[in-house]
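Welcome, and please load the model in your viewer.

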Amino acid sequence: MWQVKIPFKNEEEKEKIILSSYLNNSKGLQESDKDLIIFFENKEDSDGFKSSFTNKEIFVEKVSQKIDWLSKWKRFHKIIRIPPFLIVPSFKKIKKPLGFKKIIINPSFAFGTGSHPTTKMCIKFLIDEVKKGDTVLDLGCGSAILSICAEKLGALRVFAVDIDEIAIKEAKKNIIKNRCKNISLSTSLEKTDKFDIIVCNILLTTILELKWQIDGALKKGGKLILSGILKEQTDELMNAFSDYKLLKRRTLKDKNYHWISFLYEKI
Ligand SMILES: C[S@@+](CC[C@H](N)C(=O)[O-])C[C@H]1O[C@@H](n2cnc3c(N)ncnc32)[C@H](O)[C@@H]1O
């Protein structure tokens, strides 16, 4: 067994590293504040992983102890409660919980297990805002967790977009697992009708690049949920969206970062 220690600077970088580890057949991982420790069965896989991050200080070490990798991996993904939702990793078999809407998410290649603060805040905003019959655009859908929440809250039509093909593949599996019927997937935001709600949980720089598309896709009076913003980026985000009316902010901290999410209305 080979153990690879690799540092990360932010959540996006961490997700990229995790994705690359999957693609190179990793057997499990452990996370600390600034590093990931990833385990590979053989040296070829750890070398393949290492070659994708040539600009980083990576430590590779052969380890001998036998570890129950699967149970470690499973411990990493927990059931998440955001009433009325119970977000359950697909390997956990639980009966339909009384009073909750169960959402099954395959915790694998795509971002969006529900555990990240930026996702949690989007879900809370969706719970407040989605009304029966709404149309919703999930821009940067990852696992499609937000689209699935939107449909279960009564959205009539959800359009889920992600530029990452792997995310689209995973999203498709999750949509099927959750028996959703109103979600369509795409790798690009084609010209569509305007939406009642747009939810976008991506990094600030990408949100700023996407602003003109957001403007074009949201109805007047429609709601815009933005997440993935760090506290220190608040002014930049608010300046860029000064032509919208700010309705509410949410904040959540994790070990390393202070995240802010915004609810805007298009005026
Ligand atoms: C932070 S994840 C959010 C996933 C999920 N919506 C959630 O809230 O957990 C951001 C996603 O946006 C996608 N993405 C990045 N740039 C994009 C763009 N320009 N257009 C659409 N999707 C993009 C990434 O591939 C990634 O899956």
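**Before you start**

This is a predicted model, in which local features need pLDDT of at least 70, side-chain atom pairs count only at pLDDT 80 or more, and totals for chains, interfaces and linings use all residues. Residue numbers start from 1 along each chain, following the sequence as written. Element names come from DSSP runs numbered from the N terminus: helices (H or I) have at least four residues, and strands (E) at least two.

**Stop 1: a helix pair**

Select residues 117–129, helix H4, together with residues 145–152, helix H5; the two pack at about 20 degrees, and their axes are 10 Å apart. Axes here are lines fitted to C-alpha atoms, for helices over the stretch in contact, and angles between N-to-C directions run from 0 to 180 degrees. H4 and H5 are therefore roughly parallel. On this scale, angles under 35 degrees are roughly parallel, over 145 roughly antiparallel, 65 to 115 roughly perpendicular, and the rest oblique.

Which residues make the contact between H4 and H5? Show Thr119, Cys122, Ile123 and Leu126 on H4, then Ile145, Leu146, Cys149 and Ala150 on H5. Two residues are in contact if their C-beta atoms, placed from the backbone, lie within 7 Å. By class, this H4–H5 contact has 7 nonpolar residues, 1 polar and no charged. The classes are: nonpolar for Ala, Val, Leu, Ile, Met, Phe, Trp, Tyr, Cys and Pro; charged for Asp, Glu, Lys and Arg; polar for the others, Gly among them.

**Stop 2: around the ligand**

Now center on the ligand. Its shell holds 22 residues, and those that come nearest are Gly112, Thr119, Gly140, Gly142 and Asn201. A residue is near the molecule if its C-beta atom, placed from the backbone, lies within 6 Å of it. Color the helices and you will find that H4, H5 and helix H7 (204–217) each supply at least two shell residues. The shell divides into 12 nonpolar, 8 polar and 2 charged residues.

**Stop 3: valine 158**

Pick valine 158, in strand E9 (residues 157–161). Is it buried or exposed? Valine 158 is buried, because 28 other C-beta atoms lie within 10 Å. The cut-offs are 20 or more other C-beta atoms within 10 Å for buried, 12 or fewer for exposed, and anything in between for partly exposed, with C-beta atoms placed from the backbone. Beyond four places in sequence, valine 158 contacts Val136, Asp138, Ser147, Ala150, Glu151, Asn182 and Ile183. For a distance label, try its C-alpha to that of leucine 185: 8.6 Å, across 27 residues of chain.

**Stop 4**

Leucine 230 belongs to strand E12 (residues 218–230). It is partly exposed, because it has 18 C-beta neighbours inside 10 Å. Leaving out residues up to four places away in sequence, leucine 230 touches Tyr257, His258 and Trp259.

Move on to threonine 234 in helix H8 (residues 234–240). With 16 C-beta neighbours inside 10 Å, threonine 234 is partly exposed too. Its contacts outside four places in sequence are Ile229 and Ile260. From threonine 234 to tryptophan 259, the C-alpha distance is 9.6 Å and the separation in sequence is 25 residues.

**Stop 5: backbone details**

Switch to a backbone view. Most residues other than glycine have a negative phi, and most peptide bonds are trans.

- Proline 83 and proline 84 are joined by a cis peptide bond, with omega about 10 degrees. Proline 84 sits in the loop between strand E5 (80–82) and strand E6 (85–89).
- Alanine 144 has a positive phi, near 80 degrees. Look for it in the loop between strand E8 (135–139) and H5. Alanine 144 is buried, with 29 other C-beta atoms within 10 Å.
- Arginine 179 also has a positive phi, about 55 degrees. Its loop runs between helix H6 (165–177) and strand E10 (183–186). Arginine 179 counts as exposed, because it has 10 C-beta neighbours inside 10 Å.
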